[in-house]
Amino acid sequence: MMRTFLIPCLSVFLFATSTHAADIIKIKGTSALIDLKGEPAVPGDLFYAVSVDGKKRAIVSISKVKGDKAIGRITKGKA
């Protein structure tokens, strides 16, 4: 019994994919200012705006990148 519980739990921790995080700092109309926090991005990349409960709320297309900040256009949804 314990063995069937322990093996899936260990496999989740060992094979979990890394998650990337960037914060939306400001939204004005359909534009969003994004703090990349070291995440690599180039114009044309697509990011998902995810709410606290883990649901995808918007698709943001990166239009400009300067340093560790980016400007994106909200193509679908609301951020």
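Which residue takes a positive phi in the hairpin of β4 and β5? Gly 67 does, at a phi near 65°, and two residues lie between the strands of this hairpin. The model is predicted: local features need pLDDT of at least 70, side-chain atom pairs count only at pLDDT 80 or more, and totals for chains, interfaces and linings use all residues. Residues are numbered from 1 along each chain as its sequence is written, and side-chain values use heavy atoms, with hydrogens and water left out.

Strands are DSSP runs of E with at least two residues, numbered from the N terminus. Two strands pair if DSSP finds at least two bridges between them. β4 and β5 run antiparallel and are joined by eight bridges. Within this pair, Ala 58 stands opposite Gly 77 of β5. β3 and β4 also run antiparallel, with five bridges joining them. Here Leu 46 faces Ser 61 in β4 as its opposite residue. The β3 and β4 hairpin has five residues between its strands. In its turn, Gly 54 has a positive phi of about 90°.

The largest nonpolar core holds 11 residues, including Phe 47, Val 60 and Ile 74. Such a core is a set of buried Ala, Val, Leu, Ile, Met, Phe, Trp, Tyr and Cys residues joined through side-chain atoms within 4.5 Å. Buried means under 20% relative accessible area, exposed over 50%, and partly exposed in between, with a 1.4 Å probe and protein chains only. Two or more core residues come from each of β2 (31-35), β3 (46-50), β4 (56-66) and β5 (69-77). β4 gives the largest share, three residues. In soluble globular proteins, nonpolar side chains tend to be buried together.

Ile 34 belongs to this core. Contact means heavy atoms within 4.5 Å. Beyond four places in sequence, Ile 34 touches Val 60, Ile 62 and Ala 70, among others. Leu 33 is found in strand β2. Why is Leu 33 not classed as buried? Its relative accessible area is 27%, so Leu 33 counts as partly exposed. Leu 33 touches Ile 24, Lys 69 and Ile 71, among others, not counting residues up to four places away. Leu 33 and Ile 62 are 29 residues apart in sequence, with a C-alpha to C-alpha distance of 9.6 Å.

Lys 56 lies over the face of Tyr 48, at 4.0 Å from the ring centre. The criterion for a charge over a ring is NZ of Lys or CZ of Arg within 6 Å of the ring centre and within 35 degrees of the ring normal.

Key
Helix = DSSP H or I, 4+ residues; strand = E, 2+ residues; numbered from the N terminus.
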